[in-house]
Amino acid sequence: MAVFTAVGLGELTQWIKQFPLGNALALRGIASGIENSNFFLTTERGEYVLTIFENLGFDQLPFYLNLMNHLALRGIPVPAPVANDRGELVVPLQGKPAAIVSKLDGSSQMDPQPAHCAAVGAMLAKMHVAGSDFPMQQSNLRGLDWWNETTPAVLPYLDDADAHLLRAEMHFQQAFHGCAHYAALPRGPIHADLFRNNVMFVGEQLTGFFDFYFAGCDTWLFDVAVTVNDWCIDPDSGVIDRARARAMLDAYHAERPFTHDEQASWQPMLRAAALRFWLSRLYDFHLPREAEMLTPHDPTHFERILRERLATPAPELFHE
Ligand SMILES: Nc1ncnc2c1ncn2[C@@H]1O[C@H](COP(=O)(O)OP(=O)(O)OP(=O)(O)O)[C@@H](O)[C@H]1O
Ligand SMILES: N[C@@H](CCO)C(=O)O
């Protein structure tokens with residue numbers, strides 16, 4: 001149950017008055033999710049999601065909420081934050097930061113077909129373009145600097161083969177992040193965690209991207225690689241499913257054409273995206289936070305994906 005902070009409807013009676021939403025009529029805890037306390041909130045104005053942030057602070061949150069607001073205003077289907085009567089999107093509740101956002105229709109598509117992957121690819125490209133004039137800056141907090149910090153913390157828990165893989169991949173990624181192709185990659189705000197459980201569908205209609213709490217400024221190609229590594233694979237082996245990957249990449253390319261530097265960086269970036277989640281899962285598995293209450297995700301899934309990306313050439317980003 002992912003409600004770490006208990007809140008009752010009674011407590012919201014006064015608090016909700018700062019928002020233009022009328023009275024709170026119902027509040028229901030949401031079971032899934034491992035980061036925050038989430039509730040479906042019914043008010044006189046409609047259905048919303050109330051999130052109480054368990055780990056993120058008042059310093060980082062304005063970037064995420066303002067980015068969602070920016071994208072929503074440009075027609076990207078993301079939860080639209082509701083501002084209070086002082087124009088604030090992040091407001092304390094029980095001493096923790098909290099936000100109210102619009103509720104998206106639909107549910108996650110955990111068995112995606114090429115049509116779903118095409119819809120995600122097209123919307124991801126539209127989101128990148130829509131975010132390109134977003135004025136706030138916050139780096140991807142799970143980027144290379146974080147990998148450099150985290151690698152020595154998890155290495156003692158790995159057997160020789162895995163430790164060798166991690167060290168070798170870190171060397172490779174440090175060199176890749178310093179190369180000319182990498183420097184030339186287009187960049188801007190990215191979602192950085194666009195897994196199947198962070199997208200809503202009604203049938204084949206994409207109804208929203210959500211959970212922007214790992215977003216940051218980074219290369220657009222990293223976002224594409226994270227997304228392909230979750231949506232377009234055989235879940236047991238990590239092997240890329242060519243039909244789904246082609247559908248996603250072609251749909252993205254039709255909205256925002258990939259560049260030649262991106263083509264040259266594609267395989268290293270798929271490895272970077274696998275490494276990012278292998279590391280975070282290793283960290284959560286071996287060094288769980290004190291307040292963590294749920295079973296961490298399996299790190300070996302991304303170790304398998306990384307080994308597979310090292311072994312097998314990926315489908316081309318686009319046909320030259
Ligand atoms: N705006 C929204 N509209 C509809 N449902 C939502 C919305 N935001 C969250 N949810 C629902 O709440 C669930 C948990 O949300 P979310 O994934 O953001 O939680 P989290 O704690 O950040 O978890 P994790 O980091 O594991 O993804 C989602 O799976 C979804 O069902
Ligand atoms: N998508 C991440 C969890 C954090 O949202 C993972 O699967 O490791």
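Guide: One term is needed at the outset: a residue counts as buried if 20 or more other C-beta atoms lie within 10 Å of its own. Please note also that this is a predicted model.

Visitor: Thank you. Which residues of α10 are buried?
Guide: In α10, the buried residues are Pro299, Phe302, Glu303, Ile305, Leu306, Glu308 and Arg309.

Visitor: And what do they pack against?
Guide: The buried residues of α10 pack against α5 (160-177), α7 (220-231) and α9 (260-286).

Visitor: How many residues does α10 have?
Guide: Helix α10 covers residues 299-311 and has 13 residues. From its first C-alpha to its last it reaches 19 Å, close to the 18 Å expected.

Visitor: Changing topic, which domains are assigned?
Guide: The domain assignment gives domain 1 (9-102) and domain 2 (114-311). Their C-alpha centres lie 27 Å apart.

Visitor: How many residues of each are in contact with the other?
Guide: The contact involves 17 residues of domain 1 and 18 residues of domain 2. On the side of domain 1 that touches domain 2, eleven residues are nonpolar, three polar and three charged.

Visitor: What about the largest nonpolar core, and which residues have the most contacts inside it?
Guide: That core has 83 residues, and Val120, Ala225, Met248 and Ala274 have the most contacts inside it. Its largest share, twelve residues, comes from α9.

Visitor: Where does this core lie?
Guide: Domain 1 and domain 2 both give residues to the core, so it lies between them.

Visitor: Which residues is Val120 in contact with?
Guide: Leaving aside neighbours within four places in sequence, Val120 is in contact with Val199, Leu206, Thr227, Trp231 and Met248.

Conventions: Residues numbered from 1 in each chain as written. Chains lettered and ligands numbered in written order. Predicted model: local features only at pLDDT ≥ 70, side-chain atom pairs only at ≥ 80, totals over all residues. Helix = DSSP H or I, 4+ residues; strand = E, 2+ residues; numbered from the N terminus. Expected span 1.5 Å × (residues − 1). Buried ≥ 20, exposed ≤ 12 C-beta atoms within 10 Å, placed from the backbone. Contact = placed C-beta atoms within 7 Å. Core = buried A, V, L, I, M, F, W, Y, C linked by C-beta atoms within 7 Å. Domains from an automatic or database assignment. Nonpolar A, V, L, I, M, F, W, Y, C, P; charged D, E, K, R; others polar.
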